[in-house]
Amino acid sequence: MFEKDLRIRGKHAAYAKQLAYHAENTRFPVFKRIIDVYMIGAIMGFLNGRRATEDTSVKDEVSILASTVVAERDRLRFIYRLIMLLDSSTDLKIEERINRAFRSDSDEQAVTENMKLFHAYVCGGIEFLYEKFQDCTTNDDYIEKMYEIVERFKHDLENNTYDDAIRQIIDSRL
Amino acid sequence: MLLKSIRLRNFRQFQGEQTITFSCDPERNVTVILGDNTSGKTTLVQAFIWALYGVTNFPTKDLLNVHVAKQMHVGDEETVEVEICLNHDNTDYVIRRSEVYVCTNKDVRRRPSTLPQLWYKGEDGQIEPIREPVRINSTIQRILPKELSSYFFFDGERINTISSQQDVAEAVQGLLGLTVLSNAMAHLNPRSTRSVIGKLRSSLDVNSSQRAEQIVNQIDQYTERRDNITKQIDDLKQQITYYQEQIEETENFLREHQPTAALQRKRDELERNIRAEERALEEAKNRFVERFNKNAAAFFARPMMKMALESLKQTEVSDKGIPGMNAAAIDYIISRGVCICGEEIREGSSHHAHLIRERDFLPPQSIGAMLRTFQDQIKLYETLWDYDNLKAAHSEFRRCKDRINTWYEELSELSKQIKGREDVIKHEEKLQDYRSRLNRLLSTKEKLIEESGKLANEIERLQHHWDSLAVVSEKNRKIQLYIRYAEAIHEWIKETYECRQQELRKQLEERVNRIFAQMYHGRRKVSINERFRVTLWTSVDKDEMVTDESRGLETVKNFAFIAGLVDLAREKIKERIGGLEMALSSEPYPLVMDAPFSNADEKHVSNISRVLPDIAEQVIMVVMAKDWGFAEPVMGYRVGKKYYLDKRSETLTYIRESV
C-alpha cells in the first residue's frame, strides 16, 4: 500500500494539473505538487461527502512517482486509515471499520476494495477543490480564495461556522 | 740705398775718428778715394761690411788700432766703431757698430760683440731707434742683402771671394722687388698648415653641417605634428562651441519646464516603487503558497482526526488475542508445520488461515497498540499547522497589494498631469550627456594645447641650435669662399711671380750682356740661369762654349753683373698684374769698389769707368793712383768727392779729402 506509482486519469488528472504547479499548468499553483492535490483531495472528498468515479471522457493522465509516494507514505496511510475508520457509506459497524482501517493491510482483496473507496474520495475532493477555484482568474483571486478556505475551515473547526462568525461581526457593529 | 757718410773710430789703421762723406749728387755721383798699396783701401771697404753684417775677412779678429791699444793702461777701455749714414727707400738710417776693448794686466781684450745700433729718421724728422734685435737684422737685410754685399762692396783684389756657388737668387729677387710676391705666396701657400689657406682650412667645422640637417628634419617633423594639433584644436573648438550652445539651450528649456520636471521625477519614483512593491508582492504570494501547502493535509484532516478520536473513544476495542501469546509464537508454529494440538499446518489450509487471523490480534499488532499509535499520530499532526504564519503572509500580501494600488492611482493622476508636456527628463539626460562630452572635449583640448606648447618650445630650442649651427655653416661657406679666393690669389701671384722672375732674369741677362759688351772688348757673352748664376760663353767658330776665365775676365764679368743688377734695380719697375698697377720696389744702389781695376787692363778700366757712373746711382771707388790714371780721363768729370789715404805707418793712416 502506497509503495508504487499513483495515477490519476481523465478529468481529474486535468483538474489536478490546474490546481498544482505542473509543467502543463497555466493557472495559479494552489498546491505545490500533484501528491498534495491527491492528499487534500482525499480529505476534502471525505469531509464534503464527495466520491467520484474515474471520468475518462477527458483524455488526460498524471502520475505521482513511487519515490514521491514512498516519501509521503506515512501521511497517505494516515489519511487512508482515517477514511477507512470514518467512512460510513457501508453498513459496517465501528469495530469492522476499525478492522478495515487497521487490520486489513495484509488482505490484498480488502486493500484493493479499500483503495477503490479511497480513490473515489480523492476524485470527489479534486472535483470539490476545482469547483472552489473555478472562478479564480487573478493571483489575487486565488490567494483570497485559499485564505477564505483556510479561514472558513478554521472557524468550522472551532465549532463556530464561518458564517456564524460573520454574523457575529455584523451584529456587533449594529 | 745711397751712402751718405762713414765714420771710423780706431778701426785698424784708421786711428781716432775719421769720416768720409760720399757724394750724393746725381751728376757727380762718384767718390774716389786714392790709396797706395797697404794704405787701407781694403780696410775701408771692410769697414762697411763690418758695420752692416759684423764680419770682416781679416785674418785677425781684433780691429782696435794698434797704437791705441798700446797706449792703453790696465783698466782702460777703448772703442772701435763704424757708423754709416745712409738713405734707403727715402728714409735716413744710421747704423753704428761698436766693439769695446778692455786693457787687463796681461793684454787688451775684446768684449763679446753686440748688435749694431740702428736709428731711422721718422716722417716727422725725429730720430727713432730700432731696438728689437730681430728688426735690426731684418732691416739691414732689407736695405742690402748680405748675399749680395760682395757685389756691392767689390773687392777687385780678392775676386775669388765672390763665390759663384753662393745662392744669390733670393737676394737678387729681393733686390729686384720680387720678394713681396714670394712673401705673398708663402703667406698664402696652400700646402702649408701655417699659411692663410691652411689656417682657413683648419677653421672649417665639418661636423656641424650634418647635425644641422638632422635638426632641420626634426624641426619639420615637430612642425608637422604641431600643425596637426592646431587643426585638431580648431576642430575641438568648434565642437566645444556646439556643445556649449546645446547646453545653454537645454538649460533654458529645463528652467522653463522646472515644474514638469518635478512631476516627471515623482512619476519615475512611483514607477520605481511600484516595481519594487510588485517584487515584494510576488514574494509574499510565494510565501503564502508555501505556508498554505506546508502540512495542509494535517490541517484539513483535523475534523476527521477529531471524529476518529471520538469514534474510537465510544468504541470499546476488545483484544481477542490469547493472553500471553504473541505473533512470534504463531510464526514459529506455522514454520514448524505442526500446531500445539498436533494438527499439521499447511499453507492454504483452513488451519493455516486461522493461525494467521489469530496472529493479527496478538502483540505487537494488537489493535489497542495500533490505535494508541494512531491517536499519537493525530496529536502530532494537529500541532503541525501554523495558522499565524499563513495569516501574516496573507496580510503582507494584502499590504503590498494595497500599496501598489494606491501608487498606481497616484501614477495615473500624475500621468494625467504630465500628459502632453515635453519629456523634461530626456532633456535632463541630454544635458548630462552634453556636459560630459564637453568636459571630455575640454580636457582633450587642454592636453593638446599643452602638447603644442611643448612642441613649440622644442622647435624653438632646435631652431636656436640650428641657428648656432647655421652660423657655423654660414661661416664654413664663407671660409670655403675665402679659401677659393686665397687659392686664386695664390695662383695668380704665382703665375705673376714666375712670369716676372723669368722676365727679370731675361732683362737682367740683357742688361748684363749690354754692359759686358761695353766693358769687354772681345767676343764673349754672358748667360744667367734660374738661380741667377752667371756664365761666360765664348764664341768659337760660330759655336758658343764655356771657357776658363782669367781674373781680368772674371772682374769684368762681375762688374757687368753687378752693374746690370744695379741698373735694373734702380729702374722704376711697373708691372701690370691682373689689371692692377702694382709697383714693385725700385731702389738706387751704390757700388763700393776696392781696387776694381787690379786685374783689368787699361782698355777695360776705361770701359768700366765709362759705364759705371751711368749705371749706378752712386759709385765709391777706393783705387790705386796708377789705376785712377786710366780711369780719370773717362769718369773724372763725374767725381763729386775725392779723398786720399795718407799712410803714415803700417798701422796708421789718415783719410784726407783732396780739394
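Q: In this predicted model, buried means under 20% relative accessible area; what share of the 659 residues in chain B do buried residues make up?
A: Chain B runs to 659 residues, and its secondary structure comes to 19 helices and 18 strands. Counting residues that fall under the 20% cut-off, the buried share of chain B is 44%.

Q: Among contacts in chain B between residues at least 6 apart in sequence, what percentage join residues at least 24 apart?
A: Start with the contacts in chain B whose partners sit at least 6 apart in sequence. Then keep those that join residues at least 24 apart, and you get 71%.

Q: Which residues touch the most other members of the largest nonpolar core?
A: In soluble globular proteins, nonpolar side chains tend to be buried together. Here the largest nonpolar core has 106 residues. Apart from that core lies another, of 83 residues, with L19(A), I43(A), L86(A) and Y121(A) among them. Back in the core of 106, the residues touching the most other members are L3(B), F153(B) and M519(B).

Q: Which residues is M519(B) in contact with, leaving aside its neighbours within four places in sequence?
A: M519(B) is one of the residues that touch the most other members of the largest nonpolar core. With the sequence neighbours within four places set aside, its contacts are V556(B), F559(B), A560(B), A563(B), H604(B), N607(B), I608(B), V611(B) and L612(B).

Q: What area is buried between chain B and chain A?
A: The contact draws 43 residues from chain B and 39 residues from chain A. Carbon and sulfur atoms give 74% of the buried area. The area itself is about 3,900 Å².

Q: How many salt bridges does the count between chain B and chain A give, and which residue of chain A meets K401(B) in a salt bridge?
A: Between chain B and chain A the count is three salt bridges. In one salt bridge, the side chain of K401(B) comes with N to O at 3.8 Å, inside the 4 Å cut-off. The partner there is D140(A).

Q: Which element gives the largest share of the side of chain B that touches chain A?
A: Chain B and chain A also have seven residue pairs in polar contact, both residues at pLDDT 80 or more. The elements giving two or more residues to the side of chain B that touches chain A are α9 (258-293), α10 (296-300), α11 (302-314), α14 (367-384) and α15 (387-418) of chain B. That side of chain B divides into 26 nonpolar, seven polar and ten charged residues. The largest share, nine residues, comes from α11(B).

Q: How many residues apart in sequence are the parts that the pair of E61(A) and R7(A) ties together?
A: A search of the whole structure turns up 54 salt bridges over all chains, and E61(A) forms one with R7(A), with the closest N and O atoms 3.1 Å apart. Both ends are partly exposed, E61(A) with a relative accessible area of 38% and R7(A) with 34%. E61(A) lies in strand β2 (residues 61-64) of chain A and R7(A) in strand β1 (residues 6-9) of chain A, so the parts tied together are 54 residues apart.

Q: Is E83(B) buried or exposed?
A: The side chains of E83(B) and R96(B) meet in a salt bridge of 2.8 Å, N to O, linking strand β4 (residues 77-88) and strand β5 (residues 91-103) of chain B. R96(B) is partly exposed, with a relative accessible area of 23%. E83(B) has a relative accessible area of 12%, and the cut-off is under 20%, so E83(B) is buried.

Q: Which residues are linked with E83(B) in a network of salt bridges?
A: R96(B), the residue that E83(B) meets in a salt bridge at 2.8 Å, belongs to the network. Along with E83(B), the linked residues are R7(B), R9(B), E17(B), E81(B) and R96(B).

Q: Where does R12(B) lie?
A: R12(B) has a positive phi of about 50 degrees although it is not a glycine. At 22% relative accessibility, R12(B) counts as partly exposed. Its place is the loop between β1 (2-11) and β2 (14-21) of chain B.

Q: What is the phi of T38(B), which is not a glycine?
A: T38(B) lies in the loop between β3 (30-34) and α1 (41-53) of chain B. Its phi is positive, at about 60 degrees.

Methods
Residues are numbered from 1 along each chain as its sequence is written. Chains are lettered from A and ligands numbered from 1 in the order in which they are written. This is a predicted model: local features need pLDDT of at least 70, side-chain atom pairs count only at pLDDT 80 or more; totals for chains, interfaces and linings use all residues. Side-chain values use heavy atoms; hydrogens and water are left out. Contact means heavy atoms within 4.5 Å. Buried area is the accessible area (1.4 Å probe) that two parts lose on being put together, summed over both. A polar contact is a pair of N or O atoms within 3.5 Å; within protein, one must be able to donate a hydrogen and the other to accept it, and residues adjacent in sequence count only if both atoms are side-chain atoms. Helices (H or I, at least four residues) and strands (E, at least two) are DSSP runs, numbered from the N terminus. Ala, Val, Leu, Ile, Met, Phe, Trp, Tyr, Cys and Pro count as nonpolar, Asp, Glu, Lys and Arg as charged, and the others, Gly among them, as polar. A nonpolar core is a set of buried Ala, Val, Leu, Ile, Met, Phe, Trp, Tyr and Cys residues joined through side-chain atoms within 4.5 Å. Buried means under 20% relative accessible area, exposed over 50%, partly exposed in between (1.4 Å probe, protein chains only).
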